[in-house]
Amino acid sequence: MQLNGKVALVTGASSGLGQHFAMLLAAQGATVFAAARRETALEALADRIGLAGGLCLPLVMDVTDPFSVTEAFHCLQQKAPAPLSIVVNNAGVAQTRAALDVPAEEWLGVLSPNLTGSFLVAQASARAMQSGGGTLVNIASILGERVAKGLAAYAASKAGLIQLTKALALEWAPLGIRVNALAPGYIETDLNRDFFASDAGQRLIARIPQRRLGQVADLDGPLMLLCSDQSRYMTGAVIAVDGGHLVSGL
Ligand SMILES: NC(=O)c1ccc[n+]([C@@H]2O[C@H](COP(=O)([O-])OP(=O)(O)OC[C@H]3O[C@@H](n4cnc5c(N)ncnc54)[C@H](OP(=O)(O)O)[C@@H]3O)[C@@H](O)[C@H]2O)c1
């Protein structure tokens with residue numbers, strides 16, 4: 001197991017991609033702190049990982065609240081069997097609405113977790129990792145590099161996260177902290193399954209060069225690459241995992 005003895009934090013672990021990432025890192029031997037706001041879902045995940053022979057500890061954290069982030073890191077450091085060295089900055093939300101109709105609070109409701117929250121978690125992580133180094137993986141999106149209608153706030157937040165990844169990689173390389181981003185394309189989860197089964201969803205899938213939706217397991221290899229020493233000379237990189245969606249013809 002590649003991550004034996006390592007301590008990892010996955011934010012947004014109460015559902016979707018984050019839940020899968022937590023299970024993946026635990027299956028590779030890491031002690032995983034699973035963070036989000038919904039404690040019951042985190043406890044269920046910890047039980048599931050425990051039954052599979054892994055170790056997962058729930059960590060309640062609202063990434064938009066600096067106090068909550070500080071408290072959660074304090075708790076993590078008290079409970080962790082070794083220094084934190086892997087962080088998957090995955091918590092995020094999406095809202096779909098025409099830009100002309102987006103109220104200010106909705107704009108902030110997307111930018112706040114996706115960009116500010118990611119920064120707060122990255123900063124707290126780097127403070128925790130600055131003596132021993134580590135790897136930080138920001139979960140961006142192909143919408144950080146291209147655009148789609150009705151997703152201005154989301155696309156802006158993910159573009160910001162990609163640029164933040166590069167800025168932090170530059171500042172923290174001397175500390176032995178690598179910062180990279182994974183940019184998934186459309187990945188099937190419980191929340192979007194119905195949409196992708198609809199006519200509109202099927203039309204979207206038809207525009208993906210590989211002609212299929214991504215599955216969470218399609219992210220395993222790239223995530224493990226970025227979380228392990230296999231990527232020791234990589235920092236500031238953005239890896240798209242999208243069935244070729246970013247290179248689809250114009
Ligand atoms: N699914 C895709 O196709 C896709 C594609 C590209 C990128 N992504 C990115 O992948 C990440 C996960 O997406 P997903 O599809 O798995 O969505 P999801 O199932 O809705 O999961 C989002 C997670 O973020 C957490 N979260 C939201 N706001 C939070 C806050 N203020 N503080 C702490 N945690 C918060 C949620 O937990 P709580 O509600 O319990 O706090 C939940 O665990 C997101 O960053 C998303 O942009 C997804």
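Let me begin with two helices: α4, residues 104-129, and α5, residues 152-172, pack at an angle of about 15° with their axes 8 Å apart. What we are looking at is a predicted model, in which local features need pLDDT of at least 70 and side-chain atom pairs count only at pLDDT 80 or more, while totals for chains, interfaces and linings use all residues. Residues are numbered from 1 along each chain as its sequence is written, and side-chain values use heavy atoms, with hydrogens and water left out.

A word on terms. Helices (H or I, at least four residues) and strands (E, at least two) are DSSP runs numbered from the N terminus. Axes are lines fitted to C-alpha atoms, for helices over the stretch in contact, and angles run from 0 to 180 degrees between N-to-C directions.

The crossing of α4 past α5 is right-handed, a term used if the near helix is turned clockwise from the far one by less than a right angle, with anticlockwise giving left-handed.

The contact, meaning heavy atoms within 4.5 Å, draws on W107, V110, L111, N114, L115, S118, F119, A122, Q123 and A126 in α4. From α5 come A152, A153, Y154, A156, S157, K158, G160, L161, L164, L168 and W172. By class, the contact of α4 with α5 has 15 nonpolar, five polar and one charged residues. Here Ala, Val, Leu, Ile, Met, Phe, Trp, Tyr, Cys and Pro count as nonpolar, Asp, Glu, Lys and Arg as charged, and the others, Gly among them, as polar.

Q123, in helix α4, is partly exposed at 24% relative accessibility. The scale is relative accessible area: buried is under 20%, exposed over 50%, and partly exposed in between (1.4 Å probe, protein chains only). From Q123 to S231 there are 108 residues in sequence and 21 Å in space, C-alpha to C-alpha. T165 belongs to helix α5. Is T165 buried or exposed? T165 is buried, at 0% relative accessibility. Its contacts, leaving aside neighbours within four places in sequence, are N138, V179, N180, A181 and A237.

I turn next to α8. Six of the eight residues of α8 are buried, leaving this helix mostly covered. Those buried residues are D220, P222, L223, M224, L226 and C227. What do they pack against? Their partners are α1 (16-27), β4 (84-89), β5 (134-139), β6 (177-184) and β7 (238-241).

For α1 and α8, the packing angle is about 60° and the axes are 11 Å apart. That angle makes α1 oblique to α8. The contact is made by H20, F21, L24 and L25 of α1 together with D220, L223, M224 and C227 of α8. By class, this contact of α1 with α8 has six nonpolar, one polar and one charged residues. The crossing of α1 and α8 is right-handed.

The loop between α7 (199-206) and α8 (220-227) contains R211. R211 has a positive phi of about 60° although it is not a glycine, and at 55% relative accessibility R211 counts as exposed.

Finally, the salt bridges. The rule asks for a side-chain nitrogen of Lys or Arg within 4 Å of a carboxyl oxygen of Asp or Glu. How many are there by this rule? The count comes to four salt bridges. One of them joins the side chains of R97 and E106 at 2.7 Å, N to O. In this pair R97 is partly exposed at 36% relative accessible area, whereas E106 is buried at 13%.

Another pairs D218 with R212, at 2.8 Å, N to O. D218 is partly exposed at 29%, and R212 is partly exposed at 38%.

D190 and R193 also form a salt bridge, their closest N and O atoms being 2.8 Å apart. D190 is exposed at 64% relative accessibility, and R193 is partly exposed at 36%. A network of salt bridges links E188, D190 and R193.

Methods
Angles under 35 degrees count as roughly parallel, over 145 as roughly antiparallel, 65 to 115 as roughly perpendicular and the rest as oblique.
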